Amino acid sequence: MANQRETALDVVRGLCIASMVIGHLCIGSPLWMLVHIVPGVDGASGFVLLAGVVLGMVSSRRARLSVAEAERRVGRRLLLLYVAHVSLAGTAVVAGLLAPRDSLPDLEAFSASRIAGWLLTLQINPENIDILSLYVILMALTMLWVPLLARGWWHVVVASSAALYVLSLVTDWGRLPDQPHPQTYFAWASWQALYCSGLLVGWHWQRVAPVLQSRRARVVATVTFVVLFAVHAIALLIGVVDPLFGKTYCAPGRIVLAWAVITLLYHLARRLERTRPRLVAPVATIGSRSLACFITLCALGIAIPYAIGTDQTTLVAQIVAVAAVVAMWPVARIRGTLGTHLTRARTSTVQRVIPSRDRTPTG
């Protein structure tokens with residue numbers, strides 16, 4: 001199983017992308033309320049959690065052959081995310097010239113060199129783009145954790161992640177700045193705990209998968225979901241939702257609820273994969289290229305308000321959001337095609353270079 005792609009996981013990731021598209025483009029609208037009917041969990045939680053699971057599966061397989069190669073692949077993804085974040089944040093800043101926004105630095109108030117410095121050091125994090133800078137840090141942590149996991153030191157990884165999480169909750173530390181404004185929405189030192197839990201499950205997927213796929217796991221997830229749903233309702237009444245289910249610091253209840261919901265969706269996706277494969281295939285395609293889809297979403301989030309306005313509760317905003325969800329399928333297909341061609345090109349290059357090095361002179 002570890003050597004094959006988990007289509008059901010891709011289906012769930014595709015659903016997370018759809019949730020994030022709607023959350024970014026028409027938050028507060030009737031469509032948004034319908035899709036996010038379950039409080040305390042959303043596409044961002046599933047996106048981060050499943051990113052850890054999938055990268056753990058892939059890195060574990062690569063590390064069995066070469067830890068250096070596993071590190072190189074994570075480093076390449078880190079660089080991609082860094083470039084994507086800097087490019088999109090820079091685009092958002094420039095676009096602010098057309099219509100200034102409170103969350104963006106004013107190009108007339110700060111020098112170009114200062115803004116460039118902020119961009120390059122991940123200090124400009126516009127709304128709905130700041131999750132990319134979070135991912136840059138998650139990839140950096142992964143590069144520290146992969147060699148430890150390869151040596152079987154998973155307990156060290158757990159201890160380091162737990163220490164960061166507790167430190168973030170206790171001291172209010174672990175959030176990137178959003179110059180020249182307050183800190184970013186996402187506290188990376190807290191959200192890494194959700195990601196790390198997924199990374200550990202993915203790393204040990206061959207052992208964990210049978211447990212996760214069992215009827216017992218489905219029952220436990222259902223009971224956990226029901227209990228936490230009730231706890232969330234009570235917390236809402238007495239005013240303690242944020243400490244238990246808050247999103248900024250990825251509160252403990254949010255982590256547990258994310259695992260419960262993702263487990264139930266995973267079971268549903270496995271069943272639909274067997275009984276309705278054509279129905280879930282487009283969603284799985286989107287999920288298989290979730291990073292490309294999310295980067296596309298960030299670009300749309302920058303451009304769309306200039307076309308339809310900033311009110312995300314309108315009917316137009318909801319129609320645009322649905323169209324954006326549908327558009328993620330061709331984006332994923334194009335990204336998949338490009339990836340296949342690039343892989344073939346790299347393989348062809350290696351095959352040409354290696355024989356030339358091994359060739360011995362004759363005569």
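1. Arg215 is placed in helix 10, where helices are DSSP runs of H or I with at least four residues, numbered from the N terminus. The model is predicted, so local features need pLDDT of at least 70 and side-chain atom pairs count only at pLDDT 80 or more, while totals for chains, interfaces and linings use all residues. Residues are numbered from 1 along each chain as its sequence is written, and side-chain values use heavy atoms, with hydrogens and water left out.

2. Arg215 counts as exposed because its relative accessibility is 61%; the classes used here are buried for under 20% relative accessible area, exposed for over 50%, and partly exposed in between, with a 1.4 Å probe and protein chains only. Together with Arg218, Arg271 and Arg274, Arg215 gathers in a surface patch of positive charge. The elements that give two or more residues to this positive patch are helix 10 (215–238) and helix 12 (252–275). Patches take residues with over 30% relative accessible area and no salt bridge, joining like charges within 9 Å and nonpolar side chains (Val, Leu, Ile, Met, Phe, Trp, Tyr) within 5 Å. Lys and Arg count as positive and Asp and Glu as negative, without His and the chain ends, and the place of a charge is NZ of Lys, CZ of Arg, CG of Asp or CD of Glu.

3. A nonpolar surface patch of about 350 Å² is made by Val219, Val223, Val227, Val231 and Leu244, with accessible areas taken from the Shrake-Rupley method with a 1.4 Å probe, where for residues only the protein chains shown count as cover. Helix 10 gives the most to this nonpolar patch, with four residues. Val227, which lies in helix 10, counts as partly exposed at 45% relative accessibility.

4. Which residues are linked in a network of salt bridges? They are Asp42, Lys247 and Arg254, a salt bridge being a side-chain nitrogen of Lys or Arg within 4 Å of a carboxyl oxygen of Asp or Glu. The closest N and O atoms of Arg254 and Asp42 are 3.5 Å apart. Arg254 lies in helix 12 and Asp42 in the loop between helix 2 (30–35) and helix 3 (43–65), so this pair ties together parts that are 212 residues apart in sequence. Arg254 is buried at 6% relative accessibility, and Asp42 is also buried, with a relative accessible area of 17%.

5. The salt bridges come to five by this rule, and two of the pairs involve Glu69, which meets Arg72 with closest N and O atoms 2.9 Å apart and Arg73 at 2.9 Å, N to O. Glu69 and Arg72 are three residues apart in helix 4 (residues 67–95), and are therefore separated by about one helical turn; Glu69 and Arg73, four residues apart in helix 4, are likewise separated by about one helical turn. Glu69 is partly exposed, with a relative accessible area of 25%, as are Arg72 at 43% and Arg73 at 26%.

6. The largest nonpolar core has 89 residues, and those with the most contacts inside it are Ile131, Tyr135, Tyr195, Trp205 and Phe294; such a core is a set of buried Ala, Val, Leu, Ile, Met, Phe, Trp, Tyr and Cys residues joined through side-chain atoms within 4.5 Å. Helix 6 (residues 130–150) supplies the largest share of this core, 12 residues. A second, separate core of seven residues includes Ala89, Ile115, Trp118 and Leu119.
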